[in-house]
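Biologist: Could you take me through the architecture of this protein, beginning with its sheet and moving on to its hairpin and its core?

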Amino acid sequence: MNKYLELHSHRKTPEREEVLRAVCGMNCIFTLDDLATNMSETSSFIVSRGTLFQTLNLLEKIGIVVKHLVGHCAHYEFVTIRKSKVYFFCDNCGKMEAFHKAEINQYLDAIRSCKFTVKQPVLYLHGLCKRCERIVKEENNKKSNK
Ligand SMILES: [Zn+2]
């Protein structure tokens, strides 16, 4: 990150370093709110939402995080060696989870050889997370019992 900042005339600030440290500690897909909550619990550093947003965009440009625009808000993922390509997205609560299955990743890689040029083989599966599925079932049961 330091090299990129120097190359693109960005300042290396304590706030950016703290955000990067927090991003590296996130072990799942997160929103800006998740990161802000995590930092308020684990860091004595106070970083504004504007700084968080700008730093996340900078980290995306550098390639340290991947930004997923699904649903109403952006989700971010710290880029690790094992890149996820399949994601579950809950249409009810907006929760997003990576799904790791080698066969699906191989299939998505194979699509690259088709007539269409795939630049980013990513698959988003929309549905309900377990928690929301349970809530919907309970609501349906209440309605049918009336
Ligand atoms: Zn949900």
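**Sheets, hairpin and core**

Modeller: In this predicted model, three strands form an open sheet with mixed pairing, arranged in the order β4-β3-β5.

Biologist: In which sense do β3 and β5 pair, parallel or antiparallel?

Modeller: Strand β3, which covers residues 86-90, is joined to β5 over five bridges. Within this part of the sheet, Val86 stands opposite Leu123 of β5. The sense of the pairing is parallel.

Biologist: Turning to the hairpin of β1 and β2, which residue takes a positive phi?

Modeller: Strand β1 (residues 65-70) pairs with strand β2 (residues 73-78) in the antiparallel sense, over six bridges, and among the bridge partners are Leu69 and Ala74, the latter in β2. Two residues lie between the strands of this hairpin. The residue with a positive phi, near 75°, is Gly71.

Biologist: Which element gives the most to the largest nonpolar core?

Modeller: That core has 13 residues, and those with the most contacts inside it are Ala22, Val23, Leu35, Val65 and Tyr76. Two or more residues come from each of α2 (14-25), α3 (32-42) and α4 (49-62). The element that gives the most, with three residues, is α2.

Biologist: Leaving aside neighbours within four places in sequence, which residues is Val65 in contact with?

Modeller: Val65 belongs to the residues with the most contacts inside the largest nonpolar core, and strand β1 spans residues 65-70. With its neighbours within four places in sequence left aside, its contacts are Val23, Leu56, Leu59, Glu60, Tyr76, Glu77, Phe78 and Val79.

Biologist: Across the 146 residues of the protein, what percentage count as buried?

Modeller: The protein holds six helices and five strands, which run α-α-α-α-β-β-β-β-α-β-α from the N terminus on. Among contacts between residues at least 6 apart in sequence, 47% join residues at least 24 apart. Of the 146 residues, the share that counts as buried is 12%.

Methods. Residues numbered from 1 in each chain as written. Predicted model: local features only at pLDDT ≥ 70, side-chain atom pairs only at ≥ 80, totals over all residues. Core = buried A, V, L, I, M, F, W, Y, C linked by C-beta atoms within 7 Å. Buried ≥ 20, exposed ≤ 12 C-beta atoms within 10 Å, placed from the backbone. Helix = DSSP H or I, 4+ residues; strand = E, 2+ residues; numbered from the N terminus. Contact = placed C-beta atoms within 7 Å. Pairing = 2+ DSSP bridges.
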